Amino acid sequence: MDQLAYISLATPGLSEEDIRCIVEQSRHNNPKQRITGHLQCCSGHFFQVLEGPAAALDELLSRLRQDPRHSDLRLLFRHELKGREFANWSMGFGPCSQDTLSADMNRRFQALITAGTASPQRVLALFYALMARSADASDELP
Ligand SMILES: Cc1cc2nc3c(=O)[nH]c(=O)nc-3n(C[C@H](O)[C@H](O)[C@H](O)COP(=O)(O)O)c2cc1C
């Protein structure tokens, strides 16, 4: 079992409906491949953690690299994993807009985009912080 994270540039003009479609497609496909994960959409970027059997992740990565809904996919890390960290999600989703990010989180996210790499610990710490922030944000919806 492997875990990986990547960041990519969302294609300009993607609508909320387009993003809902991506999440639905993922929730439909991933259980069949025993893939779990979580997707964040932040500041015009996708930030996704995926975990599952190595061969299934390789196949998904090659589909992802050809998907015109994003570009410039950069793998931040990939490592072997004993147990899943996102076991409850066939594909969780946190639509976090830039305005809901604290200045510190925004700075860390921008630094990650610029650097294109970081240790798995730092990447995951930021990912979990974004997940918590987007959960808060969705609580604020009417
Ligand atoms: C940001 C992003 C994340 C995606 N995540 C997944 C995913 O977790 N699982 C998946 O099957 N497809 C995902 N997709 C869609 C794939 O790129 C591809 O379109 C899809 O797997 C094709 O599935 P189909 O052959 O069932 O249509 C994602 C696409 C984008 C743009």
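This is a predicted model: local features need pLDDT of at least 70, side-chain atom pairs count only at pLDDT 80 or more; totals for chains, interfaces and linings use all residues.

Q: How far is the side chain of Arg 63 from an oxygen atom of the ligand?

A: An N or O atom in the Arg 63 side chain is 2.8 Å from a ligand oxygen. Ser 26 has a polar side-chain atom 3.3 Å from a nitrogen atom of the ligand.

Q: How much of the ligand's accessible area does the protein cover?

A: On its own the ligand has 620 Å² of accessible area, and the protein covers 80% of that. Those areas come from the Shrake-Rupley method with a 1.4 Å probe; for residues, only the protein chains shown count as cover.

Q: Which residues come nearest to the ligand?

A: Ser 26, Asn 29, Asn 30, Arg 63 and Asp 67 come nearest, out of 16 residues around the ligand. A residue is near a molecule or strand if one of its heavy atoms lies within 4 Å of it.

Q: And which element gives the largest share of that shell?

A: That's α1, with five residues. At least two residues each come from α1 (16-33), β3 and α2 (54-65). The helices (H or I, at least four residues) and strands (E, at least two) are DSSP runs, numbered from the N terminus.

Q: OK, β3 then. Is that strand enclosed or open?

A: Largely enclosed by the rest of the structure, because eight of its eight residues are buried. Buried means under 20% relative accessible area, exposed over 50%, and partly exposed in between (1.4 Å probe, protein chains only). On one side of β3 you have His 45, Phe 47, Val 49 and Glu 51, and on the other Phe 46, Gln 48, Leu 50 and Gly 52, all buried.

Q: What does β3 pair with?

A: β1 pairs with β3 in the antiparallel sense over eight bridges, with Ser 8 opposite Phe 46. Strand β2 (residues 36-42) also pairs with β3 in the antiparallel sense, over seven bridges, and there His 38 stands opposite Val 49. Two strands pair if DSSP finds at least two bridges between them.

Q: Where else does a residue other than glycine have a positive phi?

A: Arg 34 has one, near 55°. Its place is the loop between α1 and β2, and it counts as exposed because its relative accessibility is 54%.

Q: Back to His 45. What does its side chain reach?

A: The His 45 side chain reaches the backbone oxygen of Ser 43 at 2.9 Å. His 45 counts as buried, at 13% relative accessibility. Leaving out residues up to four places away in sequence, His 45 touches Ile 7, Ser 8, Leu 9, Ala 10, Gln 40, Phe 109 and Ile 113. Contact here means heavy atoms within 4.5 Å.

Q: How far apart are Ile 7 and His 45?

A: They are 38 residues apart along the chain, with C-alpha atoms separated by 6.8 Å. Ile 7 lies in β1 and counts as buried, at 1% relative accessibility.

Q: And the nonpolar core, how many residues are in the largest one?

A: There are 19, and those with the most contacts inside it include Phe 47, Leu 76 and Phe 109. α4 supplies the largest share of this core, six residues. A nonpolar core is a set of buried Ala, Val, Leu, Ile, Met, Phe, Trp, Tyr and Cys residues joined through side-chain atoms within 4.5 Å.

Definitions and conventions
Residues are numbered from 1 along each chain as its sequence is written. Side-chain values use heavy atoms; hydrogens and water are left out. A polar contact is a pair of N or O atoms within 3.5 Å; within protein, one must be able to donate a hydrogen and the other to accept it, and residues adjacent in sequence count only if both atoms are side-chain atoms.
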